Amino acid sequence: MSGGGGGLGAGFSYQKFVHFALEQTRLRSTLVPHPSQEKFKFIKPNEDNSVLNALSFSTSKIRLLRSLTIEQKNSVQVLDFAAFSEPEYDLPIFCANAFSSPARSIVVLDLNPLYDTTEHKDYREKYYRNLMPLIRKYSELLPWGGKITSESLRFFSPIVIWTIFEPTEANHQALYSAFVDYYKVWLELMEGAVRETCEEKIDCNREAQHKYLTWRAEKDPGYPLLKKLVGESGAKDLVREFLFEGVGSLGTKSFLEYFPEYAQQDGTVNRKRSMAGKSFGTRPWDAHGRFVGDAVDE
């Protein structure tokens with residue numbers, strides 16, 4: 001692989017992140033093209049300076065491994081990469097979202113928990129207790145990105161990297177290093193995962209994943225950019241049938257059934273970004289991954 005990226009005008013690309021992840025996954029399992037890839041692999045944006053690359057696969061344990069990159073020459077670079085296990089496993093969801101302009105990069109990198117780590121301490125112990133050194137390693141290189149709402153924290157784990165930085169070569173190299181470490185950890189968890197046989201637990205895993213997908217499909221911050229590039233209909237298809245594929249098949253509950261606090265009197269969804277009225281200016285977990293708050297009223 002080539003070295004770290006430079007400024008956006010100097011050939012920086014998130015493609016190396018995708019290439020690394022696919023290479024590493026192929027070392028451990030056989031990647032089979034996911035049905036969604038055929039429809040979206042050659043999606044063409046309506047702006048000549050933009051290139052979209054969409055890839056999706058599955059394996060025996062991974063229901064969906066997919067990536068979307070958007071490249072606009074000397075302008076915007078986007079990475080949306082995720083890996084979802086089959087419902088027979090309660091693995092966290094690997095999530096890497098990055099938006100880079102010449103002025104700044106906005107990044108979320110995480111192993112999103114299927115179950116709330118505050119309510120489900122056993123889940124936190126199972127997956128995150130031994131991973132806390134990861135966030136200690138990167139918390140200075142990729143510091144907390146400032147105030148974030150309770151709404152946005154809903155599906156984050158104690159090791160989430162939420163950061164905003166100047167898109168320098170050094171910063172992007174730090175991000176690539178973090179991506180490599182986090183994805184290797186996720187693959188190790190995937191390799192060691194034992195198939196669940198209890199139908200009740202499998203159903204819980206399936207619903208937890210569907211709840212996540214329903215949330216992300218409704219709240220995707222990249223939707224305005226997708227709408228601009230491929231139109232409203234194309235953007236909706238990309239969100240529901242590719243990025244968050246499974247939202248229409250893993251369960252039947254609607255967004256408002258999962259999150260009734262967003263219902264308006266006319267039955268529509270309240271589009272306000274935060275309903276909770278709290279924000280977090282610093283990392284709200286301690287060194288052991290326990291949620292400690294430090295919220296302030298908006």
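1. Surface. In this predicted model, the protein chain exposes about 13900 Å², of which carbon and sulfur atoms supply 51%. Of its 298 residues, 54% count as buried.

2. Overall form. The protein chain holds nine helices and ten strands. Its radius of gyration is 19 Å, close to the 19 Å that the globule rule gives for 298 residues, so the chain is as compact as a globular protein of that length. The C-alpha trace spans about 50 × 45 × 40 Å along its principal axes. Among contacts with a separation of 6 or more, 65% are made by residues 24 or more positions apart.

3. Seven strands, in the order 1-2-3-4-5-6-8, form an open sheet with antiparallel pairing. Strand 1 (32-33) and strand 8 (161-165) stand at the edges; each has a single partner strand, so one side of each is left without a neighbour in the sheet. Strand 1 pairs with strand 2 (residues 50-58) over two bridges, in the antiparallel sense. Here Val32 stands opposite Ser58 of strand 2.

4. Helices across the sheet. Helix 1 (residues 15-28) lies across strands 2, 3 and 4, and runs at about 160 degrees to strand 3 (62-72). Helix 6 (residues 169-192) lies across strands 3, 4, 5, 6 and 8, and runs at about 15 degrees to strand 6 (105-112).

5. Helix 7. At 1.5 Å a residue, the 21 residues of helix 7 (residues 199-219) should span 30 Å, and this agrees with its end C-alpha atoms, which are 30 Å apart. The buried residues of helix 7 include Ile202, Asn205, Ala208, Tyr212, Trp215 and Lys219. An α-helix has 3.6 residues a turn, so residues three or four places apart point the same way.

Notes
Residues are numbered from 1 along each chain as its sequence is written. This is a predicted model: local features need pLDDT of at least 70, side-chain atom pairs count only at pLDDT 80 or more; totals for chains, interfaces and linings use all residues. Side-chain values use heavy atoms; hydrogens and water are left out. Helices (H or I, at least four residues) and strands (E, at least two) are DSSP runs, numbered from the N terminus. The expected span of a helix is 1.5 Å times one less than its number of residues. Buried means under 20% relative accessible area, exposed over 50%, partly exposed in between (1.4 Å probe, protein chains only). Two strands pair if DSSP finds at least two bridges between them. Contact means heavy atoms within 4.5 Å. Axes are lines fitted to C-alpha atoms, for helices over the stretch in contact, and angles run from 0 to 180 degrees between N-to-C directions. The radius of gyration is taken over C-alpha atoms; the globule rule is 2.2 Å times the number of residues to the power 0.38. Accessible areas come from the Shrake-Rupley method with a 1.4 Å probe; for residues, only the protein chains shown count as cover.
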